[in-house]
Amino acid sequence: MRIAVTGAIATDQVLTVAGRLTDGTAMDRGAAAVRAETLRVRRGGAGANIAAGLGRLALRPLLAGAVGRDFADYGRSLLSYGVDLELVRVSEELDTARAVEIRDAEDGRLRLSYDGAQTESRHITLLPAARRIGGLDLVVVAAGDVEAMVRHTEECRRLGIPFAADPGDRLSLLTGRQARRLVDGARYAFTDEFDVPLLRDLTGWGEAELLGRVGTWVVTRGLRGVAVMRRGRPTAGVEGVCAVREGDPSGTAEAFRAGFLAGAVWGWRAERGAQLGCALAAAALESPEAQGYPLVRERLTARIRCAYGPEAADQIAARLPS
């Protein structure tokens with residue numbers, strides 16, 4: 001089973017400053033410069049994070065997105081995870097998307113985003129890669145350029161390729177028509193619990209109608225785990241895996257999706273895939289990396305056994321790379 005992932009490919013620069021962003025030690029006095037105490041550069045983007053997670057589970061995903069000429073090192077990292085970059089478009093004019101986030105001592109944040117080459121992802125078509133490998137079994141339409149998200153969803157419909165809708169932080173940018181086009185007919189739909197009211201408002205569909213239009217709706221609930229919903233069935237709740245320490249949540253949502261979708265590839269029931277996803281999300285939460293979080297088979301299996309029991313641990317361990 002081959003999966004393509006469309007969505008953002010980006011780099012984040014996270015700076016921390018002393019004091020608060022709203023007091024005189026930081027920005028409220030219009031200072032020409034604010035001294036950062038630390039700088040951390042992290043590779044990310046919703047599409048790249050999901051693809052990296054799938055690649056690390058030995059599923060050889062195709063990643064579709066647009067980047068700049070500064071992508072070489074990032075690209076080598078993704079290749080090392082087993083990600084196929086055939087559908088990555090390199091812009092001749094723009095840099096890879098990035099964000100600069102400034103954090104203060106009390107976790108106040110100011111985030112500046114630059115879409116850059118990401119806007120060119122709307123020119124990517126899935127058809128050549130689908131033909132080369134004999135077809136795609138699933139396309140994950142993750143958060144990225146809105147026009148690209150709509151185009152790739154429509155292309156899936158036209159080609160008869162099952163797709164997963166994962167609008168993420170782009171949901172607030174969508175019109176009602178775009179939201180309906182992205183979700184309607186999805187085999188899987190992913191949302192955070194806080195985005196559920198917005199999705200309902202945008203689409204005009206209540207829970208029952210949404211469940212009538214998607215195969216499986218997965219609602220993430222942070223440390224409390226996830227809810228897996230399907231029409232005509234009771235909601236299945238999967239508890240989260242406790243993190244040993246809580247770090248940066250960036251990348252945890254995509255780590256969960258990688259685990260869940262891997263379970264779908266392996267023919268597991270949705271609840272089992274959600275258990276692997278929750279375990280990967282906990283590993284990502286403990287790590288400063290959105291893609292390179294520890295994936296040690298023995299450690300991950302032990303945590304799954306503790307959270308979900310020996311049957312879950314044995315089935316998942318049999319699929320994890322050694």
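Visitor: What order do the strands of the open sheet have?
Guide: The order is β3-β2-β6-β7. That makes an open sheet of four strands with mixed pairing. Keep in mind that this is a predicted model.

Visitor: Which are the edge strands?
Guide: β3 (36-44) and β7 (109-114). Each of them pairs on one side only.

Visitor: And the twist, what does it average?
Guide: From one strand to the next, 15° on average.

Visitor: How do β2 and β6 run, parallel or antiparallel?
Guide: Parallel. Strand β2 covers residues 10-17 and strand β6 residues 97-103, and seven bridges join them.

Visitor: Give me one partner. What does V14 bridge to in β6?
Guide: E101 is the bridge partner of V14.

Visitor: What holds paired strands together in general?
Guide: Backbone hydrogen bonds, in either a parallel or an antiparallel arrangement.

Visitor: Which strands does helix α2 lie across?
Guide: Helix α2, residues 72-80, lies across β2 and β3. Its angle to β3 is about 55°.

Visitor: New topic, aromatics. How many aromatic pairs are there?
Guide: The count is five. Take Y188 and F260 as one of them. Their ring centres are 5.6 Å apart. The planes meet at 85°, over the 60 degrees needed, so the pair is edge-to-face.

Visitor: Where do Y188 and F260 lie?
Guide: Y188 is in strand β10, and F260 is in helix α8 (residues 252-265).

Visitor: Which residues do ring pairs link into a cluster?
Guide: Y188, F190, F256 and F260.

Visitor: Back to β10. What does the side chain of T191 make a polar contact with?
Guide: The side chain of W217, at 3.0 Å. T191 is found in strand β10, residues 188-192.

Visitor: What else does T191 touch?
Guide: Beyond residues up to four places away in sequence, T191 touches V196, L199, W217, V218, V219, T220 and R257. T191 has a relative accessible area of 5%; that is under 20%, so T191 counts as buried.

Visitor: Last one, α9. What span should its 16 residues have?
Guide: At 1.5 Å a residue, helix α9 (residues 270-285) should span 22 Å. Its end C-alpha atoms are 22 Å apart, which agrees.

Visitor: How many residues of α9 are buried?
Guide: 16 of the 16, so α9 is largely enclosed by the rest of the structure.

How values were computed:
Residues are numbered from 1 along each chain as its sequence is written. This is a predicted model: local features need pLDDT of at least 70, side-chain atom pairs count only at pLDDT 80 or more; totals for chains, interfaces and linings use all residues. Side-chain values use heavy atoms; hydrogens and water are left out. Helices (H or I, at least four residues) and strands (E, at least two) are DSSP runs, numbered from the N terminus. The expected span of a helix is 1.5 Å times one less than its number of residues. Buried means under 20% relative accessible area, exposed over 50%, partly exposed in between (1.4 Å probe, protein chains only). Two strands pair if DSSP finds at least two bridges between them. Axes are lines fitted to C-alpha atoms, for helices over the stretch in contact, and angles run from 0 to 180 degrees between N-to-C directions. Contact means heavy atoms within 4.5 Å. A polar contact is a pair of N or O atoms within 3.5 Å; within protein, one must be able to donate a hydrogen and the other to accept it, and residues adjacent in sequence count only if both atoms are side-chain atoms. Rings of Phe, Tyr and Trp (its six-membered ring) pair if their centres lie within 6.5 Å; planes under 30 degrees apart count as stacked, over 60 as edge-to-face and the rest as tilted.
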